[in-house]
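Hi,

Here is the structure I promised to pass on. Have a look at it first, and then read my notes below.

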Amino acid sequence: MSATDTEAGFLVTGASRGIGRAVAQRLLDEGRHVIGLARRFDDELLSRNQFDAVAIDLAQLDQLPQRLKQLQRAHPLPSGIICAAGQGRFGALEQFSATQIRNLVDLNLTSQILLAREYLPAMKQRGSGTIIFIGSEAALSGGARGAVYSATKFALRGFVQSLRAECSASGVRIGIVNPGMVDSSFFDDLNFRPGGQADQHLTAEDVAHAIALMLAARPGAVIDEINLSPQKRVIDFGDRE
Ligand SMILES: NC(=O)c1ccc[n+]([C@@H]2O[C@H](COP(=O)([O-])OP(=O)(O)OC[C@H]3O[C@@H](n4cnc5c(N)ncnc54)[C@H](OP(=O)(O)O)[C@@H]3O)[C@@H](O)[C@H]2O)c1
């Protein structure tokens, strides 16, 4: 993570748990200032120096543009933005209600587009900055029971590819990380999770490491996309099915 980024700090969505939390902690450990976004934060994170918590529901699209404007006024020009807020919901398409489909699209796709839209003008004007999105292996190939989730992740990846091209002249770097299964609270409400052995899942810190590599690229070089996955693909349905 570049030394010139120290002053302005990093905005991290989904900073309360999982991948976003690992990214936030890594940045804080390096002495960076982190503005963390999520709905709820625990005391351990809130007690960290240089950490500003912003309680926000990114799936509330009606209020989101206004909330993001306020956020941008309070924290106008971060060095980088890591978009790690997201949710998984899996099942046959007909098991989804219209509201569930809309909520997944709102959070996993639309909220990320709106956040980028709010911050890009100032970043382009400055001529620097990095925005990194978290896609998924589900952004690379679709699978049974993942139609809606995959749709959000494929769309996010397409958005990122277009935005990367759109920003290339400005000095703003756009990237995406596509992890396979990460052992995180993502699976708490699902009926499966990755295998428990160390080579059967990624850790949130593995993904934070990939993000750190993207941030550390010299200005003028862009790591567009990183795919990473556990050595072995093992899905544990436990006794929850
Ligand atoms: N875990 C995996 O296997 C995996 C694999 C590939 C890609 N991903 C992607 O990686 C991203 C992060 O996943 P994770 O594993 O870190 O999941 P996680 O442990 O469940 O963390 C999700 C984070 O998103 C925040 N969040 C959820 N809903 C929100 C909302 N409505 N408004 C604001 N923040 C919200 C949560 O905070 P609050 O609940 O406090 O709001 C939490 O900080 C997601 O986009 C996911 O699709 C995950």
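Of the 28 residues around the ligand, the ones that come nearest are Gly14, Gly18, Arg39, Gly86 and Phe186; a residue counts as near a molecule or strand if its C-beta atom, placed from the backbone, lies within 6 Å of it. By class, that shell has 13 nonpolar, eleven polar and four charged residues. Here Ala, Val, Leu, Ile, Met, Phe, Trp, Tyr, Cys and Pro count as nonpolar, Asp, Glu, Lys and Arg as charged, and the others, Gly among them, as polar. Helix H1 (18-29) and H4 each give at least two residues to the shell, and the largest share, three residues, comes from H1.

Before you go further, note that this is a predicted model: local features need pLDDT of at least 70, side-chain atom pairs count only at pLDDT 80 or more, and totals for chains, interfaces and linings use all residues. Residues are numbered from 1 along each chain as its sequence is written.

Now the overall picture. The chain has six helices and nine strands; helices (H or I, at least four residues) and strands (E, at least two) are DSSP runs, numbered from the N terminus. Its radius of gyration is 17 Å, close to the 18 Å that the globule rule gives for 241 residues, so the chain is as compact as a globular protein of that length. That radius is taken over C-alpha atoms, and the rule is 2.2 Å times the number of residues to the power 0.38. Along its principal axes, the C-alpha trace spans about 50 × 35 × 35 Å.

Next, how the helices pack. H1 and helix H6 (residues 204-216) have their axes 8 Å apart, at an angle of about 55 degrees. Axes are lines fitted to C-alpha atoms, for helices over the stretch in contact, and angles run from 0 to 180 degrees between N-to-C directions. That makes H1 oblique to H6 (under 35 degrees is roughly parallel, over 145 roughly antiparallel, 65 to 115 roughly perpendicular, and the rest oblique). Gly18, Ile19, Arg21, Ala22, Val23 and Arg26 of H1 make the contact with Ala204, Glu205, Val207, Ala208, Ile211 and Ala212 of H6, where contact means C-beta atoms, placed from the backbone, within 7 Å. These residues divide into eight nonpolar, one polar and three charged.

What about H4 and helix H5 (residues 147-167): at what angle do they pack? It is about 15 degrees, with the axes 9 Å apart, which makes H4 roughly parallel to H5. The contact includes Ile101, Leu104 and Val105 of H4, and Val148, Tyr149 and Thr152 of H5. By class it has 13 nonpolar, three polar and two charged residues.

H4 (residues 98-126) also meets helix H3 (residues 64-74): their axes come within 10 Å and cross at roughly 40 degrees. That makes H3 oblique to H4. On the H3 side are Leu64, Pro65, Leu68, Lys69 and Gln72, which meet Ser111, Leu114, Leu115, Glu118 and Tyr119 in H4. This contact has six nonpolar, two polar and two charged residues.

Cheers

Key
Two residues are in contact if their C-beta atoms, placed from the backbone, lie within 7 Å.
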